[in-house]
Amino acid sequence: MRHLLSTGELSREDALSILDLAEEMSMIREREIKKLPVLRGRTVVNLFFEDSTRTRSSFELAGKWLSADVINVSAKGSSVSKGETLRDTVRTLSAMGVDALVIRHPASGAPMQAARWTTARVVNAGDGTHAHPTQALLDAFTMRRHVRAVTGDPEADWQGRTVVIVGDISHSRVARSDVRLLPRLGARVILVAPPTLMPPGVDDWPVETSWDLDAVLPEADVVMMLRVQRERMHGAYFPTPREYTVGWGLTRERLAALRPGTAIFHPGPMNRGLEISADAADAASSRVLDQVAAGVAVRMSVLYHLLAGDPGTRPADLRPTDPKGQLA
Amino acid sequence: MTVTPLGASVPARLLITGVARPDGSVGDVYVDGPVLADPAGAPADVDRVDGTGLVVLPGLVDPHVHLRQPGREDAETIRTGTAAAARGGFTAVQAMANTTPVTDTAEIAAEVVRIAAAEGACRVIPCGAVTKGLAGEQLAELGLIHRATGTRCFSDDGACVADPQVMRRALEYVRPFDGVIAQHAQDPSLAGPDACCHEGDLSGRLGLGGWPIAAESSVVARDVELAALTGSRYHVCHVSAADTLDVIRAAKARGVRVSAEVTPHHLLLTTDLLTGYDTTYKVNPPLRPAEHLEALRRALADGTIDMVGTDHAPHAAQDKDHPFVDARPGMTGLEQALAVVIETMVAPGLLDWAGVADRMSYAPAALLGLDDQGRPVAPGEPANLVLVDPRARRVVDPADTASLARNNPYAGRDLPDPVRLTVCGGHVTYRRG
């Protein structure tokens, strides 16, 4: 694995390897000293062309907990308006001797283009409406943990489990990346949205689709609510926020009707009161904060796979550098 | 390989022997300076070109190129763009109006003609803008542009004349001089600035802004009604989809004066090339799936589409090295146009050489109202011709070009390499070897 650009080009074996190592990586969060020496001397640049507090912080922590040198570069504004091409920005950072570029960009495809212009490893941290592979991996990670917790079976995974993804599928890089990953891990995916927010060609995706949330909700092991931007109503995607919520929001009523064991996911940031009610966001079955925690572990695992040599091997020393941080 | 500007050469005397004409007959063609003459009258010591196994076509005419001058001389100039045209076998090109400044006044149009006369390697017809600044609101100086340069064709190409009332007025206004309005059919609401990929499976997967076919076909359908209402000539630029062909076919059956062009890239290249987000393949209208290519080829064969227009759109690298949605749309086309037509139309038997002469010379010359272009290769006619080797092939190298640009979508493809000699007004503007 040279880059992580999309889940579509990630092999099932690599995905499982990332997820399994992430389980080990997740233990560091419980330690007093959160530091592993495995990426010492490696340099990771978070190159963010778009604001993102959570994804940037998550990658930054992931790199730092693995002892990499991490710097954040914010490059907001289109390359056209700045007068520097994307190619020049990428080549400039590459020339400084960077080992990995973590790229967030409002334009679909930018990390794929960047990968052609650099010798560094490229991680797609979300590009336009195209892909967000580490989000899909953390979704898969959180889902597997949820299934294991509910069933009590430590060997259980995604097989035979159903994920209902609800909302603005058309503009969602999260949905696209989930769709390219979860079915290959064994999950059944149902996409729910009004017709205006379904992407073209969705009939050929390895998923089922529905316009009727209430019809499919009883089948969900996980219901994932996607953020819906209020501005979409100006593009005539739906009439009003109120109508959207009635049709496709996880309201208090729908929360009450969920069958036990259904977990609530949301990639954040949440629009409370629009796609998700406060009751649902804060419900005991909400796994939203677990997703955030999983994000750091998954990104540690991704950086390790890309930068620490043979991805088939485990870190030689997963133990902390300080005795106080003994493995649990 | 040499390209010679018209202003820097003298008309040649040249006898091409044993060459096949578009109708299949074989004989000699005598270039006697600016006109073709009876080969029997050629002097004994005249320069001879062995035309055995070759085909002679009338000089090709391109109704749709972007030469970027004035304004973006770093991307292309009239000198380099017409040199590329000569290498492609063209003897006349129409330069679209979206330069800086826009060709919306007689002065800019006249300046293009002046530069072309001094530096060009083919004739250049300046296409006038339909509206001032291509803004789609007020009419450009259509009449003055016509008086100054003889231009009959007007287009806001790059932008659509979206307002139906403006379109209607433009169609009406150019009637006194038999003008024609050439439409870049793109409903700006259905296909806005972010639309950069054929709307379908791939745009959905890649997360690129979809460019639905209805954004083209619905504008053409509306315009056809306006052309019927006004009785004016209407031309559809770069038709990209089968649905639009249905509209054009129905309009022609009704007797509406509509014509249409197709680009070489829409005859050969498909949407799936966008998979890697290579901005070389970003073009407007976008590349379409294979079923549309098939329909476009059949339509060019049966005459629903009247002609080929390259939409040669040279760009500096710095305008392409951006994220896909931000990169400039457009690809070069002059030098490979005939190659693509041979590959997609002649080789499969959809078009014979007479058909190529019509679609790439006679029909575009008629659209533009040119008297000295698009004429048969026969004694007494102007000496505009291209000598074609129908069998030669070559892998396209984007660096092997007269254009300043390298955004060549055929790079690395094995294609016909037909053009051996181009003669424009008796001047040898390009000769292989």
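Biologist: In this predicted model, what makes up domain 1 and domain 2 of chain A?

Modeller: The domain assignment of chain A gives residues 7-131 together with 295-325 as domain 1, and residues 133-290 as domain 2. The C-alpha centres of domain 1 and domain 2 of chain A lie 26 Å apart.

Biologist: How do you know that domain 1 of chain A is in contact with domain 2 of chain A, and how many residues are in contact?

Modeller: Two residues are in contact if their C-beta atoms, placed from the backbone, lie within 7 Å. By that criterion, 21 residues of domain 1 of chain A are in contact with 18 residues of domain 2 of chain A. On the side of domain 1, the elements that give two or more residues are α1 (12-25), β4 (121-127) and α12 (288-307) of chain A. Of these, α1(A) gives the most, with five residues. By class, this side of domain 1 has nine nonpolar, eight polar and four charged residues.

Biologist: Which strands of chain A form an open sheet, and what is the sense of the pairing?

Modeller: Five strands of chain A form the open sheet, in the order β7-β6-β5-β8-β9, and the pairing is parallel.

Biologist: What makes β7 and β9 of chain A the edge strands?

Modeller: Both β7 (208-210) and β9 (263-265) of chain A pair on one side only. Neighbouring strands of this sheet are turned by 20° against each other on average, direction ignored.

Biologist: How do you know that β5 and β6 of chain A pair?

Modeller: Two strands pair if DSSP finds at least two bridges between them. Strand β5 (residues 162-166) and strand β6 (residues 188-192) of chain A have five bridges, in the parallel sense; they therefore count as paired. Within this pair, A:Val166 stands opposite A:Val192 in β6(A).

Biologist: Which strands form the open sheet of chain B, and in what order?

Modeller: The order in chain B is β10-β11-β14-β15-β16; these five strands have parallel pairing. At the edges stand β10 (153-155) and β16 (307-308) of chain B, each with a single partner strand, so one side of each is left without a neighbour in the sheet. Strand β11 (residues 180-183) of chain B runs parallel to strand β14 (residues 233-236) of chain B, and four bridges join them. There, B:Gln183 stands opposite B:Val236 in β14(B).

Biologist: Why are α2(B) and α3(B) called roughly parallel?

Modeller: Angles under 35 degrees count as roughly parallel. Helix α2 (residues 106-119) and helix α3 (residues 142-149) of chain B pack at an angle of about 30°, with their axes 8 Å apart. They are therefore roughly parallel to each other. Their crossing is right-handed.

Biologist: Which residues make the contact of α2(B) with α3(B)?

Modeller: From α2(B) come B:Ala106, B:Ala109, B:Ala110 and B:Val113, and from α3(B) come B:Leu144, B:Ile145, B:Arg147, B:Ala148 and B:Thr149. These divide into seven nonpolar, one polar and one charged.

Biologist: How many residues of chain A are in contact with chain B, and what classes do they belong to?

Modeller: 23 residues of chain A are in contact with 19 residues of chain B. The elements of chain A that give two or more residues to this side are α3 (79-82), α4 (86-95), α5 (110-116) and α7 (173-181). The most come from α5(A), with three residues. The side of chain A that touches chain B has eight nonpolar, 11 polar and four charged residues.

Methods: Residues are numbered from 1 along each chain as its sequence is written. Chains are lettered from A and ligands numbered from 1 in the order in which they are written. This is a predicted model: local features need pLDDT of at least 70, side-chain atom pairs count only at pLDDT 80 or more; totals for chains, interfaces and linings use all residues. Axes are lines fitted to C-alpha atoms, for helices over the stretch in contact, and angles run from 0 to 180 degrees between N-to-C directions. Angles under 35 degrees count as roughly parallel, over 145 as roughly antiparallel, 65 to 115 as roughly perpendicular and the rest as oblique. A crossing is left-handed if the near helix is turned anticlockwise from the far one by less than a right angle, and right-handed if clockwise. Ala, Val, Leu, Ile, Met, Phe, Trp, Tyr, Cys and Pro count as nonpolar, Asp, Glu, Lys and Arg as charged, and the others, Gly among them, as polar. Domain bounds come from an automatic or database domain assignment.
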